[in-house]
Amino acid sequence: MGETENHHHPPPPQVVAPPAAPPNLALSRGPIWTPAEQLHQLQYCINSNPSWPQALLLAFQHYIVNLGTTVLIASTIVPQMGGNHGDKARVIQVLLFMSGINTLLQTLIGSRLPTVMGASFAYTLPLLSIISDYTDEAFTSGHDRFVRGMRTIQGSLIVSSFVNIILGYGRAWGELTRFFSPIVMVPVVCLVGLGLFARGFPLLGNCVEIGLPMLILLVISQQYLKHIHSRASLILERFALLFCIGIIWVFASVLTVSGAYKNVKTATKQSCRTDRSFLMSSAPWIKIPYPFQWGTPIFRASHVFGMIGAALVSSAESTGTFFAAARLSGATPPPAYVLSRSIGLQGVGMLLEGLFGSLVGTTASVENVGLLGLTHIGSRRVVQISTAFMIFFSIFGKFGAFFASIPLPIFAAIYCILLGIVAASGITFIQFANNNSMRNIYVLGVSLFLGLSIPQYFAMNTIYDGHEPVRTNAGWFNDILNTIFSSPATVAIIVGTVLDNTLEAKHVEDRGVPWWKPFQHSKGDVRTEEFYSYPLGLNEYMPTRFL
């Protein structure tokens with residue numbers, strides 16, 4: 001003991017404490033939100049269903065929202081083709097009928113997402129090319145020129161539909177989407193909404209005294225008045241759109257009857273008056289669309305290639321819309337095989353549209369996806385019920401014409417909100433990647449800006465006589481490029497995918513790839529089968545190519 005007590009040990013080495021980390025100022029200023037794969041504020045998600053009375057009203061809202069784009073396309077294109085008011089009414093009927101059929105098919109055996117398949121503006125340039133070719137030809141009447149144009153559109157839609165069928169069911173489209181990442185999805189989904197800005201306030205401005213009150217009333221009633229009472233909150237959040245349309249429609253009718261538009265320009269009368277669509281007087285009471293109703297299809301190679309470009313654009317835009325629909329309906333991102341079969345089925349729908357004589361092909365309706373976010377209801381059943389309204393009103397023309405006479409500025413006010421919701425849903429994908437990476441900021445910025453700027457250049461330099469910016473001796477080549485680069489979402493897919501897959505990232509996590517990859521396979525996430533499997537156990541009987 002004594003020897004131990006007298007022994008002097010060297011002093012222990014001093015441990016230097018590591019420098020204190022700088023304080024996280026963000027934590028001191030508020031919480032940091034963790035990424036959420038599914039939105040938790042939805043009242044009904046993709047597989048849950050509201051009561052039947054509510055479902056019927058919500059489905060009718062989807063029909064009304066889809067009706068605006070249908071009427072706008074028909075009102076813009078049919079007069080240029082030489083068609084009369086009766087032709088316009090029949091075209092609207094066919095568009096609604098095919099929209100109902102294709103929506104039902106997509107929600108059952110396609111994407112399985114609550115997306116309405118509506119008429120697409122991507123086909124405008126090929127239609128203008130067809131109109132230009134027939135303008136100089138001699139016809140006995142404008143109606144004959146219109147019918148000739150419709151037969152040409154039929155043939156072009158039939159041939160070009162096989163492009164989507166091959167890309168989809170050949171799984172090529174799904175393989176392409178494997179190059180996507182959250183960094184690519186941000187500009188694509190954003191521009192699916194923002195790219196349609198011309199259908200917002202510019203269209204509303206054609207009749208400010210109707211459109212602006214509609215916009216203000218919808219915002220106030222749906223976002224502010226709902227706080228008055230708990231029961232009012234439920235009703236206004238889900239059905240304010242219908243109430244506002246009814247109120248402003250009555251207001252527009254009062255202005256029309258009182259003579260407020262007697263001494264205004266013709267364009268103002270066309271936009272503001274409730275009796276200028278002439279659909280009620282020209283629509284038949286009952287008319288069932290049938291194959292080749294305009295006559296034998298005409299096949300011309302020069303027009304087919306333009307339609308092929310439009311088919312590719314509608315596929316790209318549908319892809320972005322599907323991701324937005326998944327986000328706003330509480331589903332996980334659609335896997336590659338689901339995107340493949342949905343694009344393939346879109347091609348089948350395009351083939352049916354060619355057979356039945358539709359004016360344009362269909363694409364996933366952006367505005368109807370925005371309605372999911374507005375009402376907080378992403379139920380698949382609601383959208384399926386809406387197809388009954390589309391088919392019913394397409395057959396009983398007088399009833400459909402009544403709602404189709406709603407002035408277009410009212411729809412424009414609605415689109416100002418719905419398209420903005422879709423664009424904002426695209427921004428949320430950045431949470432799954434590193435938004436502080438300068439490399440990601442570069443990809444996002446270039447993709448967003450070129451996605452807006454390039455189509456704007458093509459729009460400003462397009463003359464509505466068939467002449468577009470790309471003018472070579474090969475007309476088919478011109479039609480394809482002019483159509484593709486006039487689509488903001490398509491340009492965003494091209495630019496974003498190339499940059500994101502060629503620019504080196506310091507860490508693979510920066511791109512969000514580890515989060516993204518599990519959703520690209522059928523077995524990658526346990527929720528995939530819940531959201532995207534076929535109904536009634538059909539997965540067991542379907543070939544793997546269609547799963």
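A search of the whole structure finds 1 disulfide, a disulfide being a pair of cysteine sulfur atoms within 2.5 Å. This is a predicted model, in which local features need pLDDT of at least 70, side-chain atom pairs count only at pLDDT 80 or more, and totals for chains, interfaces and linings use all residues. Residues are numbered from 1 along each chain as its sequence is written, and side-chain values use heavy atoms, with hydrogens and water left out.

**View 1. Cys 207 and Cys 272 form the disulfide.** Their sulfur atoms lie 2.0 Å apart. The S-S torsion is about 125°, so the disulfide is right-handed. Cys 207 sits in the loop between helix H9 (201–204) and helix H10 (208–224), and Cys 272 in helix H12 (residues 266–272), 65 residues apart. Helices are DSSP runs (H or I, at least four residues), numbered from the N terminus.

**View 2. Cys 190 is buried.** Its relative accessibility is 4%, where buried means under 20% relative accessible area, exposed over 50% and partly exposed in between (1.4 Å probe, protein chains only).

**View 3. The largest cavity holds about 80 Å³ of space.** A cavity is a set of points on a 1 Å grid over the protein atoms alone where a 1.4 Å probe fits but cannot get out; lining residues have an atom within 4 Å of a point. Volume is the space filled by probe spheres set on the points, which are joined across faces, edges and corners. Among the lining residues are Ile 92, Leu 279 and Phe 393. Helix H4 (85–109) and helix H18 (397–404) each give two or more residues to the lining.

How values were computed
1 Å grid on protein atoms, 1.4 Å probe; cavity = no way out; pocket = protein on both sides within 12 Å on 5 of 7 lines; lining within 4 Å.
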